[in-house]
Every structure is written in C-alpha cells, then in structure tokens.
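Have the viewer open while you read.

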Amino acid sequence: MRGVPPPLPLGGVLYVSVLAIATCGLVYELCAGALATYLLGNSVTQFSLVIGTYLSAMGVGSYLSRYVERDLLARFVEVEVVVALVGGVSAPLLFALFAWSPAFRALLYALVALIGIGVGLELPLLIRILERQAALKDLVARVMFLDYVGALLASVLFPAVLVPRLGLLRTTLAFGLLNAAVALAATSVLGEETAPRARSRLRVLAFGAMVLLAGAFAGSAAWEHRIEADLFADPVVLRATSPYQHLTITSRGGDTRLFIDGQLQFSTVDEYRYHEALVHPVMAASRRRERVLVLGGGDGLAVREILRWPEVRQVVLVDLDPQMTKLFSSRPELEAINADSLNDPRVTVVNDDAFLWLQQQAPGGWDAVVVDFPDPNDYGLGKLYTAQFYRLLRRAMAPGAAAVVQATSPMWSPGAYWCIVGTVAAEGFSVRPYHAYVPAFGEWGFVLAGRDAAPDPEAGPMPEGLRFLDRDVLRTLFVFPQDLQRGRPADLPVNRLDNQVLVRLYEQDWRKLQGYR
C-alpha cells in the first residue's frame with residue numbers, strides 16, 4: 001500500500017532498549033525516594049508519595065502517547081533524550097535544591113512527575129513501533145516481560161551495588177548515560193520516513209546528552225562537596241553512603257560531628273555527657289557485668305564507656321550498617337574519638353538487623369544491654385521500639401540483668417518518650433525513666449529497665465575518670481521537673497508492630513516543635 005513504510009530493520013535493538021529503559025526508570029524512582037528519605041525523613045511516607053506520584057505520572061505519559069501519530073521512532077529518540085537529561089541530573093538537582101531552595105518538597109514531586117511522564121511515553125511508543133515486527137499478543141508478552149525483568153534488575157542492583165559504590169548522585173547520572181545511549185542506538189534503525197537531516201539532528205541530540213552527562217559524572221564529586229558545604233555549618237571531612245543511610249562527618253576547631261541522613265548524631269564537644277548517662281547507670285544497676293550487649297551504637301562510643309568497667313569480658317555490638325562500623329574501626333581520626341573500642345579483643349561486631357538477630361539468641365545470656373538506636377522517625381526504626389522487640393530483649397537477658405533504652409527527648413518529644421517508657425514496662429520490665437542535659441540536643445531521655453526488679457544504679461560502683469557523671473549527678477538524673485512531665489499520659493500507650501503508634505507520636509511532637517520555631 002502507498003504511504004505505509006516498510007518494516008524497519010530493528011533486530012534486537014529496541015527489545016534491548018525495553019530492558020534498559022525499564023531499569024533506568026525504576027532507578028530514578030528509587031533514587032528520588034531514597035533522597036527524599038535522607039533529606040525529609042519518614043521513609044514510608046516519602047517512598048509512598050514518590051511511588052504514587054511517579055506511577056500516576058506514568059499513566060499520564062501513556063495517555064499522552066496517543067497524540068503521537070507520525071515518525072514514532074524519531075519521537076521515541078526525543079523522549080529518551082529528555083528522560084536521560086532530566087532523570088540523569090535528578091539526584092544532583094534535588095540535592096542542590098534542598099540546600100538552596102525553600103520549595104524543595106514541591107520541586108521534588110514536580111521532577112518525579114516529569115520523569116514519570118517521560119517513562120510513561122516510552123513503552124507505548126515502542127509497542128507501536130514494534131507491532132510491525134510481530135503479532136500483538138507476542139509483542140506485548142515480550143515487551144512486558146522485559147519491562148518487569150528490568151525492574152527486577154534495578155531493584156537488586158540499587159541497594160547491593162549502585163548506592164554503596166556510586167552513591168545517589170552518580171547513580172542517576174550513570175543511568176542517564178544509559179538512557180542517552182539507548183537514544184543513540186535507536187537512531188541507527190531510523191526508517192526512511194525520517195529525513196536524513198532529522199536523523200543527523202537526533203544523533204547530535206543523543207550524543208550531546210551523553211557528553212553532558214559524562215561531564216557531570218566526572219565533576220559530580222566536586223559538585224557534591226560544594227552542596228554539602230552549604231548544607232553543613234562546618235567543613236565536611238568525610239562522607240559515605242550505604243544501602244541504609246548517608247553518613248557525613250564535619251570538623252572545625254576540635255569539634256567533630258556525625259550526621260546521619262542530615263540529622264546530628266553526636267558532637268565531640270559534649271557527646272561524653274550522652275554516652276556516660278547512657279551506659280554507666282545500666283552497668284551499675286546490673287548484678288553482673290561480664291557479658292554486655294550493645295544494639296545500635298555503631299560509632300563505638302557506648303562501647304568505649306562499657307570498656308571502662310574492668311569486669312567486662314565480652315561485648316557484642318549489633319549494628320545494621322557495616323559502613324558505619326567500618327569507618328569507626330578503621331579511620332584513625334574516628335578511632336581517636338571512640339578510643340579504638342571496636343578493635344578491642346573483647347569486642348565482637350555483628351552487622352545484622354537487631355530484631356532478627358535477637359530472635360536467634362538463646363535465652364538468658366546477657367548481663368547488661370545498651371539499646372542505642374536512632375530516634376523512631378520511620379516504621380523501619382519504629383519496630384525496634386515495639387513490645388515485640390522488648391519481649392525478645394527480656395528473654396535474652398540473664399537474671400539480675402538491666403537494660404537501657406535511648407528514648408528521644410522528654411522535652412521536645414514527650415509523647416514519644418512516654419510511649420517508649422510504657423512499651424518497655426508492658427513487657428514485664430521494672431522501669432525507671434531518667435534524663436540528662438546534652439547541650440547539642442537539649443534534655444535527652446532514657447529508660448532504665450530491670451529484668452526482675454527495679455534497677456538501682458546508686459547501689460553499684462562507678463568507674464574512675466568520668467567527665468560528667470558522679471554519684472551526686474546520678475541521683476538527679478531520675479528527678480523529672482514539672483515541665484518534663486507535661487506530656488506524660490495517665491495510661492501510657494504501647495507501641496506494637498501492628499500499630500506503630502510511636503512513629504505517629506514522634507512525628508506529631510516534632511511537627512509541633514517546628515511550628516514553635
């Protein structure tokens with residue numbers, strides 16, 4: 001028939017393109033979700049909103065594809081170039097917007113939507129291009145199979161290879177290069193319906209996108225360093241990204257600070273106050289101190305305080321992130337902070353999920369337990385503050401043992417603090433809430449919990465050489481002034497795996513605090 005172009009010599013080029021663009025699209029989505037979590041917190045909320053925005057935008061893109069009627073392969077190349085550039089620079093751009101723009105949240109979802117529309121255009125165009133080559137039922141089966149395989153490939157590579165080796169900024173740039181390479185490859189099979197001049201223009205566009213993205217990839221380290229310098233008040237001396245979190249260490253004038261996902265974890269100016277208050281009351285209250293378990297605390301600072309006790313024969317530290325424990329056991333400037341505690345022969349480091357690890361432990365093995373997790377600002381962390389977790393913890397403790405739980409601030413997050421107290425008590429522990437003032441954070445709360453009877457830290461010894469804690473100060477930690485009891489409910493709520501009330505209370509408290517400020 002006149003006017004119908006002959007079948008294109010596509011071979012396997014566009015089928016391979018399906019696999020590549022599916023992988024790229026999901027990588028952009030995962031990077032946006034991870035970056036939103038790093039910068040805004042609450043992983044469940046951020047990932048849900050990013051995924052919802054992305055998928056709905058894909059639907060819009062698929063619908064818009066019906067209006068593309070001519071020269072489909074050329075339009076596909078143009079879409080690929082746009083997706084390559086927008087998706088490729090998405091992580092660096094979002095990182096910069098967070099540092100420099102107050103409208104970060106709106107711009108995040110606008111960018112995710114733009115990428116989703118582009119990705120939504122790709123598959124319908126490819127199917128319409130390839131329908132000249134195969135029966136529709138076979139074509140749809142092949143394309144959808146390759147699309148899902150590409151999604152699986154992205155989901156496996158992202159946490160295992162891409163984030164730990166490239167980081168988020170380089171990951172989107174690398175996959176932008178892949179998208180641009182797909183566009184360039186597609187120009188090699190353009191049919192006669194595409195004029196030679198248009199064909200040359202498309203090749204220049206695709207190649208130019210590759211050059212731009214390659215240049216951005218080469219300069220990404222300097223760009224990241226510049227943005228982080230604007231995000232943090234002090235010079236950034238070390239940064240690392242793991243599948244679990246983004247670690248940043250700053251230093252100025254003898255003050256070294258650790259930030260996880262942008263949130264301050266300690267300052268060397270006053271961290272001794274926090275860690276002495278965390279460790280020594282529970283050690284003093286425990287009947288024996290030979291075997292000590294630390295859950296969280298991968299920086300080794302709690303372990304440093306534990307090793308002050310001469311009775312200690314074994315310490316096991318369980319921390320999810322091997323990147324954290326590696327940094328604090330191999331970098332001389334960080335080993336100086338924790339007194340090289342993680343390399344002490346009495347210390348064993350286990351990189352595992354503390355909840356799962358506790359499930360596998362024999363009952364009654366630990367004389368004292370220090371629980372030092374980050375605040376429960378998402379449901380992944382919230383499970384480590386549930387009744388189910390504390391039930392496993394109590395089972396693992398020896399008779400006469402005591403545990404301490406980092407429990408956020410009774411001043412700034414009273415609802416969350418007293419919820420943790422109530423949840424620990426609900427599992428049969430005898431609890432004694434207490435608090436300490438840490439200048440970098442303000443009033444900070446802890447829960448001392450006895451396995452069998454009310455723990456009495458004043459009855460036990462105290463190691464020499466402490467900078468903050470002595471017997472007089474210890475006694476005051478358990479006294480709550482009226483303003484620290486204002487959020488204490490008559491019936492303390494219990495945080496369970498199936499309700500995660502603690503995470504909601506924590507969010508509400510900090511939202512109120514941001515409103516005050």
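Contact here means heavy atoms within 4.5 Å. Keep in mind that this is a predicted model.

With that cut-off, let's start with α3 and α7. On the α3 side, the residues that touch are Ala 74, Arg 75, Val 77, Glu 78, Val 81, Ala 84, Leu 85 and Gly 88, and they meet Arg 201, Leu 202, Leu 205, Ala 206, Ala 209, Leu 212 and Leu 213 in α7. Sorted by class, that contact holds eleven nonpolar, one polar and three charged residues.

| Helix pair | Axis distance | Angle |
|---|---|---|
| α3 (residues 72-88) and α6 (residues 136-187) | within 8 Å | roughly 165° |
| α3 and α7 (residues 196-218) | 10 Å | about 15° |
| α1 (residues 13-40) and α3 | within 11 Å | roughly 30° |

Now for what those angles mean. The axes of α3 and α7 pack at an angle of about 15°, so α3 is roughly parallel to α7. The axes of α1 and α3 cross at roughly 30°, so α1 also runs roughly parallel to α3. For α3 and α6 the crossing is roughly 165°, which means α3 is roughly antiparallel to α6.

What about handedness? α3 passes α6 in a left-handed crossing, α3 passes α7 in a left-handed crossing, and α1 passes α3 in a left-handed crossing.

Next, the α1 contact. From α1 come Leu 14, Ile 21 and Tyr 28, while α3 puts in Leu 73, Phe 76, Glu 80, Val 83, Ala 84, Gly 87 and Gly 88. These residues split into seven nonpolar, two polar and one charged.

Then there's α6. Residues of α3 that meet it include Leu 73, Phe 76, Val 77, Glu 80 and Val 81, and among their partners in α6 are Thr 172, Leu 173, Gly 176, Asn 179 and Ala 180. By class, the contact of α3 with α6 comes to eleven nonpolar, six polar and one charged residues.

How far apart are the end C-alpha atoms of α6? They sit only 24 Å apart although α6 has 52 residues, short of the 76 Å a straight helix would reach at 1.5 Å a residue.

Methods
Residues are numbered from 1 along each chain as its sequence is written. This is a predicted model: local features need pLDDT of at least 70, side-chain atom pairs count only at pLDDT 80 or more; totals for chains, interfaces and linings use all residues. Side-chain values use heavy atoms; hydrogens and water are left out. Axes are lines fitted to C-alpha atoms, for helices over the stretch in contact, and angles run from 0 to 180 degrees between N-to-C directions. Helices (H or I, at least four residues) and strands (E, at least two) are DSSP runs, numbered from the N terminus. Angles under 35 degrees count as roughly parallel, over 145 as roughly antiparallel, 65 to 115 as roughly perpendicular and the rest as oblique. A crossing is left-handed if the near helix is turned anticlockwise from the far one by less than a right angle, and right-handed if clockwise. Ala, Val, Leu, Ile, Met, Phe, Trp, Tyr, Cys and Pro count as nonpolar, Asp, Glu, Lys and Arg as charged, and the others, Gly among them, as polar. The expected span of a helix is 1.5 Å times one less than its number of residues.
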